[in-house]
Amino acid sequence: MTGLVIRSTGSWYVVRTDDGQLFDCKVKGSFRLRDIKSTNPIAVGDFVDILPKPDGTALVTDIRSRRNYIIRKASNLSKQCHIIASNVDQALLVVTVAHPETSTTFVDRFLATAEAYRIPVIIVFNKTDLYSEEETRYMLELKKLYESLRYQCHAVSAISGVLPEALTNSLLGKTTLLSGNSGVGKSTLLNTLSPGAGARTAAISAAHDLGRHVTTLSEMYDLPFGGCLIDTPGIKGFGTFDMKKEEISHYFREIFSTSAACRFNDCTHTNEPGCAVLQAVEEGRIALCRYTSYLSMLDERSDEKYRLAQKDL
């Protein structure tokens, strides 16, 4: 029997079969012995084979081939990865410039990883109702920057319950990963898009202006107008995994296109003479915050640096 994983707690999985049955599943013991580098061998979005048991639960016996997936470095095991979701059509990245602030380096790491796995990303700037004039100007600058790189962007206030039609249209009939830092309003956005979801929300910590982890599991929600969202726990950091240093520039669209004019084919865009990328940064044709993000990915030894906000445009 085959089904779709629609919920994951890390140890139990809910699988929906083609005829609509729901099974609480565990992974078959021998399955765990396979050479799987991820901390979670199964992710929401996976199609799996299951073996029902007399008690109404089932065992996952195999995973069907994935069309794609998006991963990040595991937060506590540097040599392993964590699969965020699989078989997705696109990702919806929710960010905030304040309350709390999403660093541009986090955004760029997410975009680069999605680019590596050929997953389109839509950026949603949330909590526009809370921003000061200065914060609003900064948000509009960031929005203009990412739109210039051909990313679809939307500025919204999810708590208002009103979303741009262009945003909802972009989700129609697609499986979309919903991701972002803790506290950016993902659950509020989910409840607005799918009123029956009932996702819990929480206030921001006033002491540190940081988000609290409200979503503690990954789950797929059907959208009333067609399509589905995969909601995931808030991510505080986004360490990249299994990405060769010489390939990183390929996942920054403007750096990759500019690098064609570099003097050396193996240019790292750090200190080489005749580097077209460095010249573009100096001339302001490549945003400094984007270049800083690129450098942070080259030097994973300074992994904590990417958590800091970079406001240099």
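Author: Before we start: a residue is called buried here when its relative accessible area is under 20%. The model itself is predicted.

Reader: Fine. Which residues of helix 8 are buried?

Author: In helix 8 the buried ones are Cys289, Arg290, Tyr291, Ser293, Tyr294, Ser296, Met297 and Leu298. That is eight of 11 residues, so the helix is mostly covered.

Reader: What do those buried residues pack against?

Author: Five helices: helix 1, helix 2 (133–148), helix 5 (245–248), helix 6 (253–258) and helix 7 (276–282).

Reader: Take helix 1. At what angle does it pack with helix 8?

Author: About 65°, with the two axes 9 Å apart. Helix 1 covers residues 104–116 and helix 8 covers residues 288–298. The angle makes helix 1 roughly perpendicular to helix 8, because that label takes in angles from 65 to 115 degrees.

Reader: And is the crossing left-handed or right-handed?

Author: Helix 1 passes helix 8 in a right-handed crossing.

Reader: Which residues make the contact?

Author: From helix 1, Thr104, Thr105, Asp108, Arg109, Leu111 and Ala112. Helix 8 supplies Cys289, Arg290, Ser293, Ser296 and Met297.

Reader: How do they divide into nonpolar, polar and charged?

Author: Four are nonpolar, four are polar and three are charged.

Reader: Different topic. Where does Thr102 lie?

Author: Thr102 is in the loop that runs between strand 8 (90–95) and helix 1.

Reader: Buried or exposed?

Author: Thr102 is buried: its relative accessible area is 6%, and the cut-off is under 20%.

Reader: What is Thr102 in contact with, leaving aside neighbours within four places in sequence?

Author: Val95, Thr96, Val107, Asn181 and Val184.

Reader: Now the protein as a whole. How many helices and strands?

Author: Eight helices and 13 strands. Of the 313 residues, 53% are buried.

Reader: What is the average pLDDT?

Author: The average is 86, and 82% of the residues score at least 70.

Reader: Where does pLDDT stay under 50?

Author: Over residues 200–215, for one, where the model has 34 contacts beyond four places in sequence. Residues 301–313 are also below 50, and that stretch has 33 contacts in the model beyond near neighbours in sequence.

Notes: Residues numbered from 1 in each chain as written. Predicted model: local features only at pLDDT ≥ 70, side-chain atom pairs only at ≥ 80, totals over all residues. Heavy atoms only, no water. Axes fitted to C-alpha atoms, helices over the stretch in contact; angles between N-to-C directions. Helix = DSSP H or I, 4+ residues; strand = E, 2+ residues; numbered from the N terminus. Parallel < 35°, antiparallel > 145°, perpendicular 65-115°, else oblique. Left-handed = near helix turned anticlockwise from the far one by under 90°. Contact = heavy atoms within 4.5 Å. Nonpolar A, V, L, I, M, F, W, Y, C, P; charged D, E, K, R; others polar. Buried < 20%, exposed > 50% of the residue type's maximum accessible area, 1.4 Å probe, protein only. pLDDT = per-residue confidence, 0-100.
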